[in-house]
Amino acid sequence: MSLIHTVVGKFPKPVRELMLKHRELLKFAFVGGTTFVIDTAIFYGLKLTILHDRPVTSKVIAVLVATIVSYVLNREWSFRQRGGREKRHEAALYFLVSGIGVGIYAFPLFFSRYVLDLRFPDVSVTYQELGDFFIGQIGGVLVGMVFRWWAFRKFVFPEENARPRARAGSVARNGDADSDEEFGHS
């Protein structure tokens with residue numbers, strides 16, 4: 001039994017059915033959460049060390065690394081039944097959409113730091129860091145995630161069921177399938 005079976009199987013039937021109906025979005029959100037952690041760790045790792053005077057550069061680098069991880073996870077898990085494009089074309093579109101996403105992710109931090117001037121010495125270091133986190137990390141990620149969800153489904157992975165679904169019998173072999181059994185629902 002996969003981790004997904006175990007976790008989702010603990011939910012009541014109506015919740016499991018809702019999760020089944022929106023499994024692609026839930027997977028996308030899980031990948032987003034994972035890459036948020038990667039993005040945040042790299043952003044603060046760079047911003048608090050070698051790029052301490054370049055927060056926007058730190059953010060762009062963090063988002064780029066998280067985007068590469070995101071592509072692999074989204075293509076192979078979140079949108080694994082979607083597609084309809086040659087793999088190179090799909091990857092190019094993914095990175096184009098994600099490139100636009102980098103600007104969307106970085107804009108709130110840029111706005112807070114350089115338009116609202118929420119930076120030291122104009123404000124305390126604590127206030128600056130809170131602004132960076134809530135405006136740059138949380139705000140940027142939320143706005144960017146909504147854009148990417150829409151653009152990935154519309155342009156990158158446009159066709160539903162473009163790749164064959166795994167059968168219930170293959171769940172035990174590969175640990176994942178997009179069938180009712182995946183969500184503990186029979």
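**A buried lysine and its salt-bridge partners**

At a relative accessibility of 3%, K47 counts as buried in this predicted model. The side chain of K47 meets that of D132 in a salt bridge, with 2.6 Å from N to O; because K47 lies in helix α3 and D132 in helix α6, this pair ties together parts that are 85 residues apart in sequence. D132, like K47, is buried. A salt bridge is also formed between the side chains of K47 and E129, at 2.4 Å from N to O, and here too distant parts of the chain are linked, K47 being in helix α3 and E129 in helix α6, 82 residues apart. E129, at 21% relative accessibility, counts as partly exposed. Through shared partners, salt bridges join K47, R113, E129 and D132 into one network.

Nine salt bridges are counted in the model. One of them is formed by R153 and E24, whose closest N and O atoms are 2.1 Å apart; this pair links R153 in helix α6 (residues 125–156) to E24 in helix α3 (residues 23–47), across 129 residues. R153 is partly exposed, with a relative accessible area of 29%, whereas E24 is buried, at 18%.

The protein as a whole contains seven helices and zero strands, and 42% of its 186 residues are buried. Of the contacts with a separation of 6 or more, 76% are accounted for by residues 24 or more positions apart. The accessible surface comes to about 10400 Å², with 68% belonging to carbon and sulfur atoms, and a nonpolar patch of about 550 Å² is made by F107, F110, F111, Y114, V115 and L116. Of these residues, V115 is found in helix α5 (residues 87–115) and is partly exposed, with a relative accessible area of 49%.

How values were computed. Residues numbered from 1 in each chain as written. Predicted model: local features only at pLDDT ≥ 70, side-chain atom pairs only at ≥ 80, totals over all residues. Heavy atoms only, no water. Helix = DSSP H or I, 4+ residues; strand = E, 2+ residues; numbered from the N terminus. Buried < 20%, exposed > 50% of the residue type's maximum accessible area, 1.4 Å probe, protein only. Contact = heavy atoms within 4.5 Å. Areas by Shrake-Rupley, 256 points an atom, 1.4 Å probe, with all protein chains shown as cover. Patch = residues over 30% accessible without salt bridge, like charges linked within 9 Å, V, L, I, M, F, W, Y side chains within 5 Å. Salt bridge = Lys/Arg side-chain N within 4 Å of Asp/Glu carboxyl O.
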